[in-house]
Amino acid sequence: MILFAYVITFGNNTALANTNVKYDNIDNQLKRELDELHIPGMAVAIVDSKEVLLAETYGNCKSIDTPFIIGSVSKSFTALAIMRLVEEDKIDLDEKISAYIAPSAYFINESDGNKITVRQLLNQTGGLGTYQRFGNAKITESYGQHQYANINYGLLGEIIEAVSGVSYSEYMNKKIFLPLHMEHTAATLEQSKENGLIRGYRNYFGFPIAGEPDYPDEHSWSTVPAGYLSSSVSDMAKYLQMYLNEGMGIISQDSLNTMFYENVYVDDNTPYYYGMGWTLTEEYTEP
């Protein structure tokens, strides 16, 4: 897919003003990028804790309410749901995942499910391989070290269903999307299309070709909780403002701090920290 939804956050208006950001310069730069990179459609929002400072669409994205598949940003939503359940004393971050789901449904060696904790899934340190999927999962030599793998967040989605007693999509709708008035966000392909999901594109020898999204099924190496939520840039602005406003009743600031800062170091060209769906870096990273 080469349709993108970007959301940029600043802590407050003063910080934004101090950078001498000119919105018209941002707009012009994005238009140039759209042409140079052959991006069919794009939506951009800049927010602070109080308001949306800029919201624009480009190319064939005609509305800030148009949903995109948001890729691995989905992981932050899944982590948020897990932390809500932690606050409700339904999940212990340091409990083995076998306390919540039956390992035999996911692992070649059932004992592996008795070794991995919920926290390790969130921080991607449980040793599961990048391209493993349900039914062929097993701990590798990377156990205890960061190894990015979608299956970690697929398993977290299964845990959410097991402890909440409802489907992943129902839980996300009731506990996160609706309270934040995210009316153009969904956790199923059917609802995403009803919301007006924009068409995706693939790059064939430099030419963008429109097509249906490769939405995951039970045989896929990715899952909805790991990468296939859909949302509009208008909704993502609301989502990020929740983080800038101490959780807005969705989650506590203490839990947000856990998500952001109880992370693991990753030394991969540009050093960064990964934790619970978020990447933290103190160095500028080229896009």
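The following legends describe close-up views of a predicted model. Residues are numbered from 1 along each chain as its sequence is written, and side-chain values use heavy atoms, with hydrogens and water left out.

View 1. Strands are DSSP runs (E, at least two residues; helices are H or I, at least four), numbered from the N terminus, and two strands pair if DSSP finds at least two bridges between them. Strand 9 (residues 272-275) is joined to strand 10 by three bridges in the antiparallel sense, and glycine 275 has tryptophan 278 of strand 10 as its bridge partner.

**View 2. Strand 5 and strand 6 form an antiparallel hairpin with two residues between the strands.** Five bridges join strand 5 (residues 200-204) to strand 6 (residues 207-211). Asparagine 203 stands opposite proline 208 of strand 6. Within the hairpin, phenylalanine 205 takes a positive phi near 50°.

**View 3. Aspartate 27 and lysine 31 form a salt bridge of 3.0 Å, N to O.** A salt bridge is defined as a side-chain nitrogen of Lys or Arg within 4 Å of a carboxyl oxygen of Asp or Glu; a search of the whole structure finds seven. Both residues belong to helix 2 (residues 23-36) and lie four residues apart, about one turn of the helix. Aspartate 27 counts as buried at 16% relative accessibility, whereas lysine 31 is partly exposed at 41% (buried, under 20% relative accessible area; exposed, over 50%; partly exposed, in between; 1.4 Å probe, protein chains only).

**View 4. Glutamate 212 forms a salt bridge with lysine 193, the closest N and O atoms being 3.1 Å apart.** This pair links distant parts of the chain, 19 residues apart: glutamate 212 lies in the loop between strand 6 and helix 8 (224-227), and lysine 193 in helix 7 (residues 189-194). Glutamate 212 is partly exposed at 48%, and lysine 193 is partly exposed at 44%.

**View 5. Aspartate 235 and lysine 238 form a salt bridge in which the closest N and O atoms are 3.9 Å apart.** The two residues are three apart in helix 9 (residues 233-244), a separation of about one helical turn. Aspartate 235 is buried, with a relative accessible area of 0%; lysine 238 is partly exposed, at 32%.

Technical notes
Predicted model: local features only at pLDDT ≥ 70, side-chain atom pairs only at ≥ 80, totals over all residues.
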